[in-house]
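Could you walk me through this structure in the viewer, one selection at a time? I am new to it and would like to know what to click on and what is there.

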Amino acid sequence: MTWKVHKIVDTIENFGSAEKYLVFDSDFERFIKGQYPKHKFLETNPHDLVKKYNLKGIVFGNYVTQEERFHFIFKIKHQLETLALISGTSNIGKGKLIVAFGAEGKAQSAAHYNPTKQLINLNRGRLGSYKNVLQGENSFLHEYGHFIDFLTGRSNGGIPVNFASEYRDNMQGKPSDITKNFSKVAQKLFEETEYVERLKKETNWKYLSSPTEMFARLYESALTHFVMKNYKSKRDFFGDEKYKGKYYLSDKKIVDKGLERDIIKITKLIPRYQ
Ligand SMILES: [Zn+2]
């Protein structure tokens with residue numbers, strides 16, 4: 001039986017150009033049969049997501065296949081839905097955020113946030129098996145943490161930093177209440193000396209132990225941990241394996257130091273970010 005499916009393309013015109021030449025792969029039916037209930041999977045539409053979560057757009061790299069696009073959209077949809085549930089608003093993108101998939105790669109990173117474009121790019125995983133074909137979408141929460149950190153710092157006039165997590169009590173300027181939340185979390189992280197020392201052993205320690213990076217890694221790990229505990233039906237759409245790694249503060253510490261509570265508070269403030 002042949003399934004009629006729509007083709008997924010960018011929601012912002014003229015972002016890519018080669019994509020119109022992409023065709024469905026002959027393995028597509030096998031792929032969707034093996035992975036998800038067909039109708040649910042194929043119902044997913046990037047235009048609906050853009051509208052519902054007030055994103056500026058969703059774009060794809062020219063060489064991202066239709067299978068990957070469907071898979072990506074399906075997982076991201078559930079992640080956006082979870083963020084909306086926790087924050088109490090569907091205004092996740094503030095009309096500013098672009099979510100890109102495989103569109104602007106950086107060597108050796110699964111994902112990155114570009115503050116100039118307000119764009120979160122998530123990279124493709126390795127092709128081979130359709131299971132776990134993607135990896136970048138597991139970094140969406142990390143990059144979203146950068147996005148709200150930047151929105152907050154940047155819109156807080158008079159403070160000398162762009163990201164709220166970089167603000168310190170001894171700096172000039174008047175931080176807003178929301179900025180203080182980010183700053184407090186970053187300062188708590190720096191008090192975790194064993195964790196900071198562990199990061200300083202790495203060759204890229206300057207990057208790893210910067211306030212924005214430490215904040216974003218806490219944001220993704222604390223929130224993922226919270227979802228695993230409280231939103232069981234959403235577990236499949238998040239990955240928590242990586243949080244056992246050395247770059248992350250342990251789940252136990254996150255809870256014991258009240259950092260999980262802080263991150264949930266920051267997430268519940270999403271309606272107030274601008
Ligand atoms: Zn980061």
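Begin with Ala100: in this predicted model, Ala100 stands opposite Asn121 in β4. Now widen the selection to residues 98–101, which are strand β2, and residues 119–122, which are strand β4. These two strands pair in the parallel sense, over four bridges.

**The whole sheet**

The open sheet has four strands, arranged in the order β1-β2-β4-β3, and its pairing is mixed. Which strands stand at the edges? Select 57–60 for β1 and 111–114 for β3: each has a single partner strand, so one side of each is left without a neighbour in the sheet. Turn the view to follow the twist, which averages 15° from one strand to the next.

**A helix across the sheet**

Keep the sheet on screen and select residues 140–155. This is helix α5, lying across β3 and β4 and running at about 20° to β3. Is α5 mostly covered or mostly uncovered? It is mostly covered, as 13 of the 16 residues in α5 are buried.

Zoom in on His142, which lies in α5. His142 counts as buried because it has 25 C-beta neighbours inside 10 Å, where 20 or more are needed. Now show what surrounds this residue. Leaving aside neighbours within four places in sequence, His142 is in contact with Ala111, Ala216, Arg217, Tyr219 and Glu220. Among these, Ala111 falls in a strand you have already selected, β3 (111–114). Then select Phe215 as well: Phe215 and His142 are 73 residues apart in sequence, yet their C-alpha atoms are 8.8 Å apart in space.

**A pair of helices**

For the last stop, select residues 177–190 for helix α6 and residues 259–268 for helix α11. How are two packed helices described? By the angle between their axes and the distance between the axes. Here the angle is about 155°, and the axes are 10 Å apart. That angle makes α6 roughly antiparallel to α11, and their crossing is left-handed.

To see where the two helices meet, show these side chains:

- from α6: Asn181, Phe182, Lys184, Val185 and Lys188
- from α11: Leu259, Asp262, Lys265 and Ile266

Key:
Residues are numbered from 1 along each chain as its sequence is written. This is a predicted model: local features need pLDDT of at least 70, side-chain atom pairs count only at pLDDT 80 or more; totals for chains, interfaces and linings use all residues. Two strands pair if DSSP finds at least two bridges between them. Axes are lines fitted to C-alpha atoms, for helices over the stretch in contact, and angles run from 0 to 180 degrees between N-to-C directions. Two residues are in contact if their C-beta atoms, placed from the backbone, lie within 7 Å. A residue is buried if 20 or more other C-beta atoms lie within 10 Å of its own, exposed if 12 or fewer, and partly exposed in between; C-beta atoms are placed from the backbone. Angles under 35 degrees count as roughly parallel, over 145 as roughly antiparallel, 65 to 115 as roughly perpendicular and the rest as oblique. A crossing is left-handed if the near helix is turned anticlockwise from the far one by less than a right angle, and right-handed if clockwise.
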